[in-house]
Protein chains: 4
Amino acid sequence: MALWNGRFSRDTDALVAAYTASVDYDKRLYPYDIACSIAHAEMLGEAGIIESADACMIVDELQAIRQEIDEWTFEWRQDLEDVHMNIEATLIERLGDAGARLHTGRSRNDQIATDERLYLRDQVELIQKLLRQTQKALVNLGVAHSTAILPGLTHFQHAQPVLFAHHLLAYVEMFERDVSRLEDCRRRFNVLPLGAGALAGSTLPLNRELVARKLGFDGVTANSMDAVADRDYLVEFLAALALVAMHCSRLAEDTVVWMSQEFGFIELDDAFCTGSSLMPQKKNPDIAELTRGKTGRVYGALMGMLTILKGLPLTYNRDLQEDKEGLFDAIDTVAGTLAVLAPMFATAWIHSDAMEEAASDPALMATDLAEWLVRGGVPFREAHHQVGRFVAWCRERDMALNDATLGQMRETIPAAQPECLDLFSPRKSVAARELYGGTGPDRVDQQLTTWQEKLKHVESRSSST
Amino acid sequence: MALWNGRFSRDTDALVAAYTASVDYDKRLYPYDIACSIAHAEMLGEAGIIESADACMIVDELQAIRQEIDEWTFEWRQDLEDVHMNIEATLIERLGDAGARLHTGRSRNDQIATDERLYLRDQVELIQKLLRQTQKALVNLGVAHSTAILPGLTHFQHAQPVLFAHHLLAYVEMFERDVSRLEDCRRRFNVLPLGAGALAGSTLPLNRELVARKLGFDGVTANSMDAVADRDYLVEFLAALALVAMHCSRLAEDTVVWMSQEFGFIELDDAFCTGSSLMPQKKNPDIAELTRGKTGRVYGALMGMLTILKGLPLTYNRDLQEDKEGLFDAIDTVAGTLAVLAPMFATAWIHSDAMEEAASDPALMATDLAEWLVRGGVPFREAHHQVGRFVAWCRERDMALNDATLGQMRETIPAAQPECLDLFSPRKSVAARELYGGTGPDRVDQQLTTWQEKLKHVESRSSST
Amino acid sequence: MALWNGRFSRDTDALVAAYTASVDYDKRLYPYDIACSIAHAEMLGEAGIIESADACMIVDELQAIRQEIDEWTFEWRQDLEDVHMNIEATLIERLGDAGARLHTGRSRNDQIATDERLYLRDQVELIQKLLRQTQKALVNLGVAHSTAILPGLTHFQHAQPVLFAHHLLAYVEMFERDVSRLEDCRRRFNVLPLGAGALAGSTLPLNRELVARKLGFDGVTANSMDAVADRDYLVEFLAALALVAMHCSRLAEDTVVWMSQEFGFIELDDAFCTGSSLMPQKKNPDIAELTRGKTGRVYGALMGMLTILKGLPLTYNRDLQEDKEGLFDAIDTVAGTLAVLAPMFATAWIHSDAMEEAASDPALMATDLAEWLVRGGVPFREAHHQVGRFVAWCRERDMALNDATLGQMRETIPAAQPECLDLFSPRKSVAARELYGGTGPDRVDQQLTTWQEKLKHVESRSSST
Amino acid sequence: MALWNGRFSRDTDALVAAYTASVDYDKRLYPYDIACSIAHAEMLGEAGIIESADACMIVDELQAIRQEIDEWTFEWRQDLEDVHMNIEATLIERLGDAGARLHTGRSRNDQIATDERLYLRDQVELIQKLLRQTQKALVNLGVAHSTAILPGLTHFQHAQPVLFAHHLLAYVEMFERDVSRLEDCRRRFNVLPLGAGALAGSTLPLNRELVARKLGFDGVTANSMDAVADRDYLVEFLAALALVAMHCSRLAEDTVVWMSQEFGFIELDDAFCTGSSLMPQKKNPDIAELTRGKTGRVYGALMGMLTILKGLPLTYNRDLQEDKEGLFDAIDTVAGTLAVLAPMFATAWIHSDAMEEAASDPALMATDLAEWLVRGGVPFREAHHQVGRFVAWCRERDMALNDATLGQMRETIPAAQPECLDLFSPRKSVAARELYGGTGPDRVDQQLTTWQEKLKHVESRSSST
């Protein structure tokens, strides 16, 4: 029996109840709903809107209910629609009039907006923690293989040699932006909507600042209609998660590629792969593939939320109930992915010999040759052209660049000197790139050290087995 | 213990098992997986690839397993990954060597593609049936209020009067296209992938045509690599569902608008509305709002699936496992929505008096006046301009169009005749539109009759209470 | 000066005119708009709604205007909003009253819906033709390299050997579904909306069937409100294009991978690659990369259109004007991509030696060994397990599968016979897969022949240079 | 003739050139590309990598080229691919060797990343400025109608009366979050990627900090591979624009609704509406409708960009070229929309009498009655139930709430007192909500004043006519 049905002459149709009920999924919000109600009740008591004794009873009973839910002894009822009504109805059932005073001066519209922000605050923290752990796993892997060198790719073609650790650190940078983006999001949504009522505020002397302080909000919302209509924070958060998922998908792609027979740069541990039901030899990088695939559902959740809000008139409309399942799923997806990536990398086998062999393709050092010419005064475009001609010359003869003699090189590069023949070493190439941000070994070590220091208090995740 | 782990030296990490397992959701496919296995086993026996006795044992045991699952006595194990492995492992546990012969000549790659197509065939049928029921509810509502007239809107502005039934029939047309689109989708995907193996076919003399016939497929796939890499049918199906959801969202929008205090054209039954936790007077069209909002998740599922497939190299990649949850959710969402719309409309109160009052706004008949002039030989653009001037003239004087005298009308419309003053009737306006496809009462009755006939065998859904 | 401004007291603000004008892009529809107007005018004349002489003048002048536009001598004016008004205003300017009679009994709402369907009909044909040309290029490439063999991948890992032609034919199948999907779409939208008027039909005795016949439509729309509110056909068409783009993205991904130094299976011609501004050695598969990237904009256009329609009340709303630019862009993108893929493949160098070397990895034949055991009566699961153990045994000893002696093999595979040692040949493996749909050479030749026959009338595209 | 083609033996195919060229749209970046090149050239000179004289010549010529482009006298060539190559080729053509030295130590990969960030910095500023102007227009409208009162809606149903200005201020809050979100985005991307080279940094002693200072960046990127692979800033920016577009769509929806005949709360000026080609009486809120519809393309651009990046391996891939057109279109769309909304509202007619009449629906004050009871000690749930019963009681008798006598009221609300009968005034209702964030007149005035102060330096946009 709904708590709002005074004006109704018929009960809700069962089909409707099933269609509109959200308790199956929004019960996930119960710790936040109860925290919100406790703060509200305390304020109502302190502000003299209800008796202190009633406020105390409400708070005590809410804490009891919270414990029951924690211990799985609370009975959720779909006919009570949502997490709010399940808890409030139980409260009223147990406390009578005192319980019936809890919902004074508030609406589910401002209540859910408060619950969601409290919930989201914890999720921001969770995702940030997992991002830090993933960063740490990558940094540790870089430290463990700090001299490994592989062919850096552009256009999926051999470009220039880079340190494996430098490649890993690129992802550490991406995840750092993710942490910072989530922090900005958190800062923006951490204001209290409670007190906005259904849409217009309240005629009762509520103390919103007090509630905000109790719940750890940095302030209160300034416009009641905006407060109940707003789901910007979910879109912003989902967009941030979409970027995390996208970063993971790029890392996953690199991993899948590196583990192919043709590349053979890494091999994931047996514990982090699965096999084939048909082909006995298979050992597949399923985690990385799933990580890549799961990007789709996070993008979908973002698109779903944007669709819901498009053209929605002010203020609260029931469409907004649809803001939760996609959000929960996106959080679970991203958290689950980050949780598994760290141990996957921590246990991976790095084939640095295969990497280095691939990195020894002399074509990777063509730029070094061009830049050597520049240092000798040849205009860059001219240097580029001459080296390009040299590449073509070798290619026509099916000859590797480092098989050419100085004389042969001079056919296309007149200014070539004997030391040019020594440039075709990936180690030398890398060592020559000590510019800030570059792949030079000292620079990379410096970065690794900086990150180790920054992440030293982050707890490492290890495999769960 | 995985069935594929001969070549593995370590068990799967627990975190990995949780991340990669799909049995929690893909067990929904069990009737199709078992049907597929039964057909495969029978074929293996008939083709002499395994002994007939073994085939019979397999088929019998699969039927037993199916019954156990139906009756909720089957134990699903997450460590067995997916629906296929759960069933096959149980079979082997019970039958030993005979069970171990089932997976001969097939892979999970072609097996899941077969399961999904079988599943989808049933879902196409389900959604088509629900679409038909929704059409029937709308047609019945139109028949019950066949003379109701309301202001047709363009740009959300009064445009021309239309019959309420004509408005409803617009949705009947949309849903008809949905039925047809699903049919095309079904026709395209109803070919058997089994026999494609992991990606290359099989070295065993499988009889694919036989399996296709047993499972009701219209044919077999022509390329094994395509067969296991293909998820086009899911995208096409999800795009069709996105259109259904979009149609429902437009119908929902009309409903929400009509039930506003300002329009007041319909009132949904109490059993199909919910109230406010704060505002005692509220009775909200929540179903329509949720229907509108749920469009987002269907769009999201489509976008998610497209994202998964983008740039995926051939053939099967584990990313494809992510094809299910969004699909299941989209189906549940659309089916749930269609199921609730029919009884919602069947029980709605139609305020045809309020509709007609609004439809009596004389500005709605301005086009009739222009077309009257055209029939008298005035070029349309000139007629349009004169009537526009007449509208402006009345507006400047804050006068309704039908309050003007003939003399006043002639100031802007020189050719006006006394009968022009009689054009400002919504009934006359509607009656004048008997062109095929138009809102004339005879035309609309004809359409209603045609649809009643077409839908007469469709079982009506009524409220579930 | 707008043709509709009789009732307006002020001109449109310049900013508004710029914001609302669509002529810059919708002028692309002019051939269809004029065809539509000619058919409409002829019908008005034949039905006696306007004088035959007027109808003739209109038709002649419209043909003159069409020629002027063809020859770039027509002046488009942004202040006339759209393609319809530009043409009609010019007609009136030149013909006076006769011209002013053209818009009798129609609205821009049904006019644009007609124009778009006519336009789309041509685009369906164009895309189908380009799909056929792409199929032909792939089939020709397969024929030219019909014995080339490469390692088929699942999970981006060596799985089983397949013929290169078999791999190409997988895409031919995908494109075939695209052709068929577009055909279904065309069939569904090829009905005439004209006559629906603004939303309610017309009071004039229009002959809609006559117009439909003149314009090649299969019928007329049955509900005027649906006819002007409907953009389903655009969503359906864009979803079909999204699938084409997705297929191209998968083919592009394969191409990029194959051209990497590590795979080295193909090399695109210099004319179909570009270089690096910095690295002289680079030759990048830019076309394939762009093809893959362009998928995003097609998906975006689909999502944009779905967003526009979500929750839009009946009937026409100006939001629908936004249906064009995304559509045009998606068509241009997909057509441009298909046009360039065919010559790119036609001029590519196939390194069948590198393919075959990779395909000789004996692990690719592990399934053949398991299926050999099955033919000898070993249950498949047992066979799979034994071969898996054999793989692990070899791996522990860093030994290739085909380096093991029979005795060594029997440690894990007791039933192994000397002929097992001969299974590690990719040619034999492929030859053993003559099941329909499989990669056996005879099957693949059969498929190639079938497609050659089917595509023989398709004009080949060659490079444009 | 491409500048990179030393190693190529054939020219680019014409079809390929057309497919890959981006100059048609990326030329929009020329001011940023030239600024970037000037800073780079100066640094090369100052660091002694090239001669100072060469650096000066380059800078002077680049300034000349910039002026030519500004004045439309520069000839863009599609065969030179992109904005970078067009400018550099011209430079080399004019300066010879000196010009050929410009590209020293950089790649188009880090160059475009720098150009885009410079461009984006200006766009952030532009959008922020337009958001401020829109806020100002809304605040001004609120000030001009500070006493207007309308029925606040939840679920599109009459909920509680609110001040019109309070409703407008809800959007001012949304746009404020947009401004802040763009600022965070800007802060995050405002670091210099130049110096990352193609992917690995440079062997030349570049001074990246100097270039950063010259170009107004807050720092330099820390990882060269990340620097060239990163497009996070575009996704973040597009997500911020999607939120702006969504806010505009909600404001547009409110506007469309308010201008309907049934609501009649506002009327847009003739200069901000357009008419119908068929219906002479029509005056449509096209701008608001287009604003709502244009949301789709912004969402589509975001989805397109996310799709491009999904699963893209490091580092630069040509897919990234597709990052521009969607971005440019989204910016143009959002900027164009904001530019037209401000004058549209500035010139709108507010029908405050119609608003107030609608706000006088006594059901809107039901919550006030319940809260009155709460102040008298009735538990809220009980108060809610009694008032709900009262609503139902009146409804059964087809009676307005304020037509009931005290005696009648007491049948369902025993504690009712005479003053309850006075609660049915929207002015009193609003006046009772002076809680911070609420719709009380003093609170709203305070907000208006605060915003006026904050926005006083923002230049008002007026109509362009």
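This briefing walks through how the chains of this structure pair up and how chain A is put together inside. Keep in mind that the model is predicted. Chain A pairs with chain D across a contact of 111 residues from each side, and chain B meets chain C with 111 residues from each side as well. Within chain A there are three domains to get to know, domain 1, domain 2 and domain 3.

**How the copies are related**

- Two copies of a chain are related by a rotation about an axis and a shift along it.
- For chain A and chain D, the rotation is 180° and the shift along its axis is 0.0 Å, with an RMSD of 0.0 Å once chain A is superposed on chain D. That is what a two-fold axis does.
- Chain B goes onto chain C by a rotation of 180° too, again with 0.0 Å of shift along the axis and an RMSD of 0.0 Å. Here 100% of the contact residues of chain B turn up again in chain C, so both copies use the same surface.
- In the other pair, 100% of the interface residues of chain A are also interface residues in chain D, so these copies meet through the same surface.

- The size of an interface is often given as the accessible area lost when the parts come together. For chain A and chain D, that buried area is about 9500 Å², and carbon and sulfur atoms give 58% of it.
- Side chains of opposite charge can pair when their charged atoms come close. Between chain A and chain D there are 16 salt bridges.
- One of them joins Asp230(D) to Arg177(A), with 3.3 Å from N to O.
- There are also 56 residue pairs in polar contact between chain A and chain D, counting pairs with both residues at pLDDT 80 or more.
- Which helix gives the largest share of the side of chain A that touches chain D? Helix H8 (residues 164–189) of chain A does, with 13 residues.
- By class, the side of chain A that touches chain D splits into 47 nonpolar, 35 polar and 29 charged residues.

**Where chain B meets chain C**

- Chain B and chain C bury about 9500 Å² between them, with 58% of that on carbon and sulfur atoms.
- The salt bridge count across this interface is 16.
- Take Asp226(B) and Arg177(C) as an example: their side chains form a salt bridge with 2.9 Å from N to O.
- As for polar contacts, chain B and chain C have 55 residue pairs, with both residues at pLDDT 80 or more.
- Helix H7 (residues 164–189) of chain B gives the most to the side of chain B that touches chain C, namely 13 residues.
- That side of chain B is made up of 47 nonpolar, 35 polar and 29 charged residues.

**Inside chain A: domain 2 and domain 3**

- Domain 1 of chain A covers 16–104, domain 2 takes in 109–203 + 218–358, and domain 3 runs over 361–424.
- The C-alpha centres of domain 2 and domain 3 of chain A are 43 Å apart. Where the two touch, domain 2 puts in 8 residues and domain 3 puts in 4 residues.
- About 450 Å² is buried between domain 2 and domain 3 of chain A, and 54% of that comes from carbon and sulfur atoms.
- On the domain 2 side, His158(A), Gln160(A) and Pro161(A) lose the most area to domain 3, together 66% of what that side buries.
- How many salt bridges are there between domain 2 and domain 3 of chain A? The count is 0, but there are 3 residue pairs in polar contact, both residues at pLDDT 80 or more.
- Strand E1 (149–154), strand E2 (157–163) and helix H14 (352–359) of chain A each give two or more residues to the domain 2 side. The largest share, 4 residues, comes from E2(A).
- Sorted by class, this side of domain 2 has 4 nonpolar, 3 polar and 1 charged residues.

**Salt bridges overall**

- Over all chains, the count comes to 176 salt bridges.
- One salt bridge pairs Asp368(A) with Arg433(A), with 3.0 Å from N to O.
- Asp368(A) sits in helix H15 (residues 366–375) of chain A and Arg433(A) in the loop between helix H18 (426–431) and helix H19 (441–454), so the pair ties together parts that are 65 residues apart in sequence.

How values were computed:
Residues numbered from 1 in each chain as written. Chains lettered and ligands numbered in written order. Predicted model: local features only at pLDDT ≥ 70, side-chain atom pairs only at ≥ 80, totals over all residues. Heavy atoms only, no water. Least-squares fit on C-alpha atoms with pLDDT ≥ 70 in both. Contact = heavy atoms within 4.5 Å. Buried area = accessible area lost by both parts, 1.4 Å probe. Salt bridge = Lys/Arg side-chain N within 4 Å of Asp/Glu carboxyl O. Polar contact = N/O pair within 3.5 Å; in protein donor to acceptor, adjacent residues only side chain to side chain. Nonpolar A, V, L, I, M, F, W, Y, C, P; charged D, E, K, R; others polar. Domains from an automatic or database assignment.
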